[in-house]
Amino acid sequence: MSSSATPLAIDARGVRRVYNIKPKPIVALDGVDLQVEPGELFGLLGPNGAGKTTLIKVLTTLLLPTSGTAHVFGFDVARQTRELRRIMNIVSGGEQSGYGLLHVREQLWMFSQFYGLGVREGWARVDELIEAVGLTEQARQKVSSLSTGQRQKLNLCRGLLNDPWILFLDEPTLGLDVSAARAVRELVQSWQKAVAGRTILLTSHYMAEVDELCDRVAIVDRGRILAMGTSDELKRRVQRESIFELEVDRLADGPAALGRLPGVVSAVQPSASDLDGATDRQTVRVKLTLADDAALGGVVHELGRLGSSIVALAKSEPTLEDVFVELVGRGFTEREQEGDDRPAGPDGRPPADLLGPPDDSGAPTGGITAEPVETAR
Amino acid sequence: MSASSGPASVYVHRRTASPAEAATWDRRRQVAVNLRAIFGRAYPRLIGAQREPSWIFFEILLPFLTTSAFVFVYRALQAPPEFVGFVVLGGAMLAFWLNVIWLMAAQLYWERDQGNLELYFTAPISMMAILFGMAMGGLLMSCLRAGIVLVVGTLLYGVVFSVDQWLLLFGVFCLTLVALYGLGMVLASLFLLWGREAWHMTQLLQEPVYFVSGLNFPVARLGLLGAVAVSTLPLAVGLDAMRQLAFVGSEHPFGLLPPEVEALLLLAMAGVFIGLARVFLKWIERRARFEGKLTMKGT
């Protein structure tokens, strides 16, 4: 470890990764600075091709950074690979690792041997993980016959076999149905909370997933981190005021009665498009814009004084996609559809490392030679 | 999946105080983990052989036809009887060569395409352990196959062995396997580096290698070419030594070098090939991390 104090779980400084792909080099990571505290569940959010997977591969010792440094729990990803590999694991969405001929139990046991679990200890560990993820019925089924969701549960079991201190989850719920994805998220959260200091770096382009799971989020695009913070902090970047949808049984003077209160920026009748088809109700609806949430107390008090009863109150939140749109000028889908203006591989797509997991399974075929054009080491 | 209902041990299996403690392994633990990894990687080979018995047809019965064809040719030509034994011995040893070429040399290349290679590299084990595991799994299955060919061939064609030095014969057999699988480990590393080109090269070289290895005739008959083969191919030198030791007193001298010398040659080959494999693997891992080839499929 680099120091006696607890080091950062992830400490990346100026990480750059360049591929020398003709006709011009591709910059997959362009000076990424990222610090993740131990115990954090940190999300990397970005469209396909943003550089999320490349960053994970650098941090998991699969790729060397072209320049810059990265440490995981104090271990240099370039030089201290042996130590780092003892405390980490990685699970990728759409992962097809292992051997189709093996049964689920056997495959996991094989991997348990790579992490030094004893023979019996390995079987016991495999069985409890299989039970925890609900694969008991498939335990003696060939891996090749599993569904996508079952396969991903198997992958997650593999990732937890060695009790890693840091778990890299690269699009872990990719292709899963709603209930399977929820189950994966629950297990991941429970596992992380069981031991203080366990850290997870999650990449995803599912904004709701990142929003729900992550303590902090970095929005990544074109190899750069555009913004970082808690989900709330990021959303406040696009909405510095709090917006509430208020519905009351009556309001004699109309919304204007609330507009004069301290902390209330505006109180207006919602536009027709905001009304959700509920215009026929015999209530009064008000769109409240407050300087901050604290002003809501004054509004509620004033409604009581006016003899109005609250029928419904909902806070209108911006989404992380709104944040992305503000930062990039395009939504995720548009960003992915517009493609990448960087040079593509012979199949017309960026190289595998620049793509998110959905495209990694169909990685570029022969012809691409990826060579760094510069290196720090 | 019920995350909250699982036993606590699901979430905490081996508690360590800190990442630094978890990352600190003594030499003994490191060796133990690598030994377990060898066993772990050998496991799919053993299971696979049980689960898909079609290999008995493809890997024993079909190759045995080639062996039989040579037996009938030698008999038709009224060759000395030990030549039938040469062919049976060659047929048995062919099992190991096929295993090295098709299930070992190319394996890392296929592992990468399956996504396994990334997991091997990110596991806290040496890639040598993975290669040893592949070798061990293949070796056990090939021993079974070679044993069947040897026993059936001997009984069917009435081969009479004449052995004076059983221990040396067994030693040469073991050294041949170590050197052969060492070569397989070197090839596995090179396949990873060169991918499809290496695969095509293997296909191209398959028949010439069979030929110069003297699988079906004494390699000494090839003269200088045989000498070159003996100095580079473990199978050629191993077979030559084993034939000399298994058919003592043949009226037709056929050995290229004394078996003791060939045993030393095999020992040297084993050391060189395993050493080379280790060096290549380290170099290739470094290069692959540099170029991204560990993660790029199909290249």
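This is a short walk through a predicted model, chain by chain and then through its cores.

Quick housekeeping. Residues are numbered from 1 along each chain as its sequence is written, while chains are lettered from A and ligands numbered from 1 in the order in which they are written. Because the model is predicted, local features need pLDDT of at least 70 and side-chain atom pairs count only at pLDDT 80 or more, though totals for chains, interfaces and linings use all residues.

Chain A has an open sheet of 4 strands, ordered β2-β1-β4-β5, with antiparallel pairing. At the edges stand β2 (26-36) and β5 (75-76) of chain A, each with a single partner strand, so one side of each has no neighbour in the sheet. When I say strand, I mean a DSSP run of E of at least two residues, and a helix is a run of H or I of at least four, both numbered from the N terminus. Pairing takes at least two DSSP bridges between two strands. In chain A, β1 (residues 10-19) and β4 (residues 67-72) pair antiparallel over 5 bridges, and R13(A) sits opposite T69(A) in β4(A).

On to the helices of chain A. I'll be saying "buried" a lot: that's 20 or more other C-beta atoms within 10 Å of a residue's own, with exposed being 12 or fewer, partly exposed in between, and C-beta atoms placed from the backbone. Take α1(A), residues 52-59: 8 of its 8 residues are buried, so this helix is largely enclosed by the rest of the structure. Among them are K52(A) and K57(A), along with L55(A) and I56(A). Just after α1(A), T61(A) has a positive phi of about 70°.

Then there's α4(A), residues 119-133. Its 15 residues reach 21 Å from first C-alpha to last, close to the 21 Å expected at 1.5 Å a residue; that expectation is 1.5 Å times one less than the number of residues. Its buried residues include R125(A), L129(A) and V133(A). Looking down the axis of α4(A), the buried residues fall within an arc of 160°, so they line one face of the helix. The arc is taken over directions from the helix axis to the C-beta atoms. After α4(A) comes G134(A), with a positive phi near 80°.

So what does L129(A) touch, beyond its neighbours within four places in sequence? Its contacts are L108(A), C157(A), L160(A), L161(A) and, over in chain B, V10(B). Contact here means C-beta atoms, placed from the backbone, within 7 Å.

That brings us to the largest nonpolar core, with 177 residues; V72(A), L129(A) and M93(B) have the most contacts inside it. A core is a set of buried Ala, Val, Leu, Ile, Met, Phe, Trp, Tyr and Cys residues joined through C-beta atoms within 7 Å. Helix α9 of chain B, residues 166-194, gives this core its largest share, 17 residues. A second, separate core of 10 residues includes L246(A) and L303(A).

Last, chain B. It has 13 helices and 0 strands, and 49% of its 299 residues are buried. The C-alpha trace of chain B spans about 75 × 40 × 35 Å along its principal axes. In helix α13 of chain B, residues 259-291, you'll find A268(B), which counts as exposed because it has 12 C-beta neighbours inside 10 Å.

Note on methods:
Contact = placed C-beta atoms within 7 Å.
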